[in-house]
Amino acid sequence: MAPEEPVLLGRTGHAALLTLNRPRALNALTHPMIGMIDAALTRWLDDPAVLAVVVAGAGDRGLCAGGDIRAVREDALDGGRTSPAFWRDEYRLNARIARYPKPYVALMDGIVMGGGVGISAHGRVRVVTERSRVAMPETGIGLVPDVGGTHLLSRAPGELGTHLALTGAVMGAADALLCGFADHAVDSRDLPALVTALGEQTPAEAVRRFTAEPAEGALAENRAWIDDCYAAGSVEEIVARLLDHGHPSAKEAAQTILGRSPTALKATLALLRAASARESLETALDAEYRASCAALALPDLPEGVRAQIVDKDRRPRWDPAELAGVADADVARFLAHPPGGDLGLAAALG
């Protein structure tokens, strides 16, 4: 029996359906899947019978847990020859989704992390459920938030985006709505009916029928200490403020940060602060491409994936191991143009 396609295409009424179909791998994105999604969007753009596109994940665990970081690790250990091409196509797809002229509806049920955010949170209609677990956990594997993550995080209220970027904290439905990663909440049991309605009505009309009030989130009540502590100008000062604050959650956040890659943390803060001044998603993606290519040549990325995904010992050996060991020149590498050339999305916009 031939293996099933990793991306399934379908139709319901006037809505085209795009389903990520690697449930055993939490629908993690591979390079061929990126091409299949892009080709489908091209086809549907010129199809007058398609009035909306709906993206979902197969299985009951989530939309997408991110990119195939095992493959990225293997490539990094082999010299990093293929990952830049994957990121080029992935980030271009993220930008295309944001500007897609037909309504792009993302069902962000279950786990939606990393690359899963990239194919959902830039869409026009973003739906979360009580099962949603949305996050950008890249600092835990020696990488920076990418797929337009710095653009989204930099626009969250106050310093919530800085907290989410450095800790990789998970957002439920209410927090994803608060931070601008989603637009609507529905009950997961209503998703099949919502998909049917999307084929019969406009997305606004369909979603309105099933909108539910999400359970209270964790971020709103913690805004005071988050905004105070994360407004600091360096990761070291952020950690110091968190440890000194006195709120139990602040201390917990500090301990989480201290377990992340020191180099990735400092590069992430630099990218995030720069992203807040940028006007377009494309400029953020250009900067993230430079940073991802830089991380590919450093030891923390393969080590972080080893500790979190491969061996699962959760004991990464970062190099350098402490924040104080990360020099300004190390951070500057993440902002420099990569040897293979820039992504050039902002330039293409003119």
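**Close-up views of a predicted model**

**View 1. Asn 27 is buried, at 1% relative accessible area.** Buried means under 20% relative accessible area, with exposed over 50% and partly exposed in between (1.4 Å probe, protein chains only). Asn 27 sits in the loop between β2 (15-20) and α1 (31-45). Helices (H or I, at least four residues) and strands (E, at least two) are DSSP runs, numbered from the N terminus. Asn 27 is not a glycine, yet its phi is positive, about 60°.

The model is predicted: local features need pLDDT of at least 70, side-chain atom pairs count only at pLDDT 80 or more, and totals for chains, interfaces and linings use all residues. Residues are numbered from 1 along each chain as its sequence is written, and side-chain values use heavy atoms, leaving out hydrogens and water.

**View 2. Val 147 has a positive phi, near 50°, in a residue other than glycine.** The loop between β8 (133-135) and α5 (149-154) holds Val 147. Its relative accessible area is 0%, so Val 147 counts as buried.

**View 3. Thr 167 belongs to helix α6 (residues 160-167).** Thr 167 is buried because its relative accessibility is 4%. Its side chain reaches the backbone nitrogen of Ala 169 at 3.1 Å. Leaving aside residues up to four places away in sequence, Thr 167 touches Tyr 230, Ala 253, Thr 256, Ile 257 and Arg 260. Contact here means heavy atoms within 4.5 Å.

**View 4. A cis peptide bond runs from Asp 319 to Pro 320.** Omega of this bond is near 0°. Pro 320 lies in the loop between α15 (300-310) and α16 (328-335).

Definitions and conventions
Polar contact = N/O pair within 3.5 Å; in protein donor to acceptor, adjacent residues only side chain to side chain.
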